[in-house]
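These are notes for a colleague who is opening this model for the first time. Please keep the sequence and the structure in view while reading.

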Amino acid sequence: MMSSFAMDKMRQNASWRSSSRRSSLLIALLHLLYLSECLHSGTCIRFRIPKSKSAPSLSELNSATAIGAAGFDEASELGTQDSTSGSSRRGPKEQTYGVIVDCGSSGTRAHIYQWDTELDWPKLLQHVQPMIDPESGEPVSKKFTPDLASFADRSPEELRDYVAKVADYIAEKVPKERHSFTVVYMMATAGMRLLEKEEQKFIMDEVREYVLENYNFSNVTTSVISGSDEGMYRWISVNSKAKRFLKPGTGKQTSTYGVIEMGGASVQVVYQLKEGLKQIVHWHLHDSDLEYIYDQQVVEPEMSRANNHAYLLHSTTFLGFGGDSAHQAYFDLLIRKHIEGGPLDKLAEISGQFMDRVREYLVCDDEPKFAPEPKEVPEVLVLDDPCSPRGYRSKEGEILKPKAIWYSTDRTIGFTADEEDEKRNDVFKVILEGTGNYRKCKQYVKELLHVAKSELLNCEPNEPCTMQLIGEPFVQFRLMNFDGIGDFYYTTRTMLQLDGAYNHARFTKMTKKLCETRHEKLRSKFASIDSNPNPKISARIHNECFRAVWVDTFLVDGLGMPKDYKGFNTIDEIKDEDPEWTLGAVLDKSLAIEKATPEGDEETSAAEKDGETELGVIGEKKPEGPELEHYFERMNPEAEPEAPNELNDEDPDGLNEEDLQDLDDLHDVL
């Protein structure tokens with residue numbers, strides 16, 4: 001016979017179960033009402049399903065989200081403009097596929113990644129892998145040429161044919177039954193950023209509309225990503241592959257690597273802003289304008305916000321400092337030296353003032369004047385090039401420059417001949433004859449770095465410009481380690497045959513030797529490179545002297561890397577895998593919990609959308625009105641200097657005398 005105690009216990013359990021069922025039914029009913037209302041109004045937003053104190057899995061996020069097709073998005077430049085189509089769907093518990101299409105300056109490459117749908121954070125970081133072709137055993141990836149930016153001068157029909165080839169490849173490789181659950185991100189980088197905003201928008205809108213109309217992918221996003229975002233994705237990829245996010249066996253965060261990447265058009269510098277580092281950098285910059293520019297480069301990955309891992313990053317890009325773009329700017333410098341009839345006058349100090357050399361005709365009594373007409377522009381200009389090896393002579397027609405460079409009085413570098421210039425016959429040919437003079441090459445490259453800063457290369461008028469950070473101590477090398485990627489690796493390992501930590505003395509010695517070696521001997525030594533069918537690769541034989549000098553000058557003079565610094569390593573692979581930025585992008589997007597954006601708020605910048613986080617405001621509003629005038633006072637030579645700012649002991653966000661003394665003491669220790 002059952003005791004009275006047991007009977008009471010059964011009644012309590014039955015009552016509890018009944019109450020629990022009622023609560024569950026009520027919650028389910030509320031969810032149904034919410035979904036019904038939001039689907040009717042089109043305002044569904046992402047929400048999190050509780051899961052025992054741990055972060056939600058990607059499958060739960062997908063099931064709780066109305067997924068749509070996103071529209072054109074130029075991160076932090078044109079604002080985000082999303083257009084949605086489709087509905088909330090939950091796929092079977094199988095492999096999840098994510099596609100990142102890298103629309104780069106040399107072509108478009110489709111990358112397909114896959115992972116177990118049920119994986120949770122942080123395991124997802126270690127298990128997102130490229131899809132492997134079962135026949136070849138290689139990652140599923142394909143490059144399409146030409147580059148997407150080249151379609152600015154072509155018809156919409158040609159653009160659609162090109163996009164169809166890319167989308168057909170993706171549709172072929174991703175299982176057909178998973179198309180409606182697959183997200184495709186088409187991201188354009190530095191090459192596209194060099195186009196006008198209207199051209200960027202036209203191309204990316206055409207791409208998005210075509211893919212949406214002709215394929216069944218659940219989400220298609222086209223975007224021209226900022227240099228900061230590109231650097232951020234590379235940082236995520238490198239540190240994920242190196243397993244730096246979590247200490248093995250502990251689940252605790254470990255120290256991360258900074259990343260410096262040199263591509264063809266730009267350079268990215270990215271590192272984690274640990275507690276107190278921002279204040280240290282501000283102390284070293286000691287200039288409110290530079291501090292503002294520095295703060296504008298602070299970003300936070302979506303995966304950080306989604307999982308309470310506060311990875312606040314500083315991500316700076318220098319557009320025009322990539323190996324190819326810098327070399328073109330160097331040609332401009334050689335031409336201007338010829339036009340001026342000798343060496344350039346002493347350039348402006350690296351403090352950021354404009355150089356005076358070509359400005360003698362610009363301003364006089366507030367009236368613009370112009371330089372006198374130069375002599376007739378030659379059809380072919382032959383120049384000595386100290387950064388090319390002796391015995392080298394470039395082919396006629398290989399280098400074209402616009403005639404505008406002969407008449408310009410407001411800038412020295414950054415000239416590119418386009419098809420319109422060629423149609424009007426407003427171009428001339430440049431032939432380079434190598435002299436292999438390392439000392440003079442180094443001098444010219446240093447001048448190039450200073451001129452780029454003085455003229456604010458590739459910067460928008462009246463906008464804060466990252467070029468102003470060149471030569472300033474915004475990277476505290478002594479406090480962290482860095483990995484060098486791209487040209488840093490290729491130049492150091494392949495051409496100079498150096499490995500291990502960057503050693504300035506050895507690098508300089510080998511660069512000098514390379515520059516002073518005759519062209520014929522270099523072709524023999526690097527025969528496999530010289531015979532490569534890709535002209536951009538074979539050209540490294542005669543371009544490498546410039547690139548090596550440029551790499552070293554950028555690191556030491558541009559970023560302030562100490563010559564005895566041992567924490568910079570050049571890498572190509574981590575555990576036999578390329579840490580491509582596309583992996584970082586798919587990791588970041590996979591874990592994203594997107595914020596709902598009110599209708600009509602398309603022009604809001606990425607920084608403004610980020611708002612406040614646990615670490616505070618990470619995207620300060622750009623100055624307007626009097627603030628903007630104050631910011632650019634330093635660019636007006638007639639502006640009177642403002643009295644130094646006094647310390648405000650009452651300002652909780654500022655630094656008082658005691659704070660500055662602490663930073664001073666810390667600096668002495670470092």
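In which helix is E230 found?

1. E230 is found in helix 7 (residues 227-241). Helices (H or I, at least four residues) and strands (E, at least two) are DSSP runs, numbered from the N terminus. The model is predicted, so local features need pLDDT of at least 70 and side-chain atom pairs count only at pLDDT 80 or more, while totals for chains, interfaces and linings use all residues. Residues are numbered from 1 along each chain as its sequence is written, and side-chain values use heavy atoms, with hydrogens and water left out.

2. The UniProt record, an unreviewed entry, places the feature "active site" at E230. UniProt positions are given in the numbering used here, feature names are shortened, and annotations may be inferred rather than shown by experiment. E230 is buried, with a relative accessible area of 8%. Buried means under 20% relative accessible area, exposed over 50%, and partly exposed in between (1.4 Å probe, protein chains only). Not counting residues up to four places away in sequence, E230 touches T189, A190, R193, I225, Q268 and W581; contact means heavy atoms within 4.5 Å.

3. W581 belongs to helix 21 (residues 581-590), a helix that is mostly covered, with ten of its ten residues buried. Q268 is one of the positions that UniProt, again in an unreviewed entry, gives as "binding site"; the others are G264, A265, S266 and V267.

4. Where do G264 and A265 lie? G264 lies in the loop between strand 9 and strand 10, and A265 is in that loop as well. G264 is partly exposed, with a relative accessible area of 25%, whereas A265 is buried, at 7%. Leaving aside neighbours within four places in sequence, G264 is in contact with G322, G323, D324 and S325. For A265, not counting residues up to four places away in sequence, the contacts are A190, F318, L319, G320, F321, G322 and S325. A190 is also touched by E230.

5. Strand 9 and strand 10 (residues 266-272) pair in the antiparallel sense over four bridges; two strands pair if DSSP finds at least two bridges between them. In strand 10, V270 is the bridge partner of V259. Strand 9 is also joined to strand 18 (residues 482-486), in parallel, by five bridges. There, F482 is the bridge partner of G258.

6. Is strand 9 enclosed or open? Five of the five residues of strand 9 (residues 258-262) are buried, so the strand is largely enclosed by the rest of the structure. In a regular strand the side chains alternate between the two faces of the sheet. Both faces of strand 9 are covered: G258, I260 and M262 are buried on one side, and V259 and E261 on the other.

7. For the chain as a whole, the secondary structure comes to 24 helices and 21 strands. Buried residues make up 47% of the 670 residues. Of the contacts with a separation of 6 or more, 73% are between residues 24 or more positions apart.

8. The structure holds three cavities of 30 Å³ or more. On a 1 Å grid over the protein atoms alone, a cavity is a set of points where a 1.4 Å probe fits but cannot get out; lining residues have an atom within 4 Å of a point. Grid points are joined across faces, edges and corners, and a volume is the space filled by probe spheres set on the points. The second largest cavity has a volume of about 40 Å³. Among the residues that line this cavity are T492, D499, Y502, R506 and F507.

9. Some backbone details are worth checking. The peptide bond from T145 to P146 is cis, with omega near 0°, and P146 is found in the loop between strand 6 (141-144) and helix 4 (156-173). N462 has a positive phi of about 60° although it is not a glycine; N462 counts as exposed, at 59% relative accessibility. Q497, also a residue other than glycine, has a positive phi near 55° and is placed in the loop between helix 15 (487-495) and helix 16 (504-515).

Technical notes. On a 1 Å grid over the protein atoms alone, a cavity is a set of points where a 1.4 Å probe fits but cannot get out, and a pocket is an open set with protein on both sides within 12 Å along at least five of seven lines; lining residues have an atom within 4 Å of a point.
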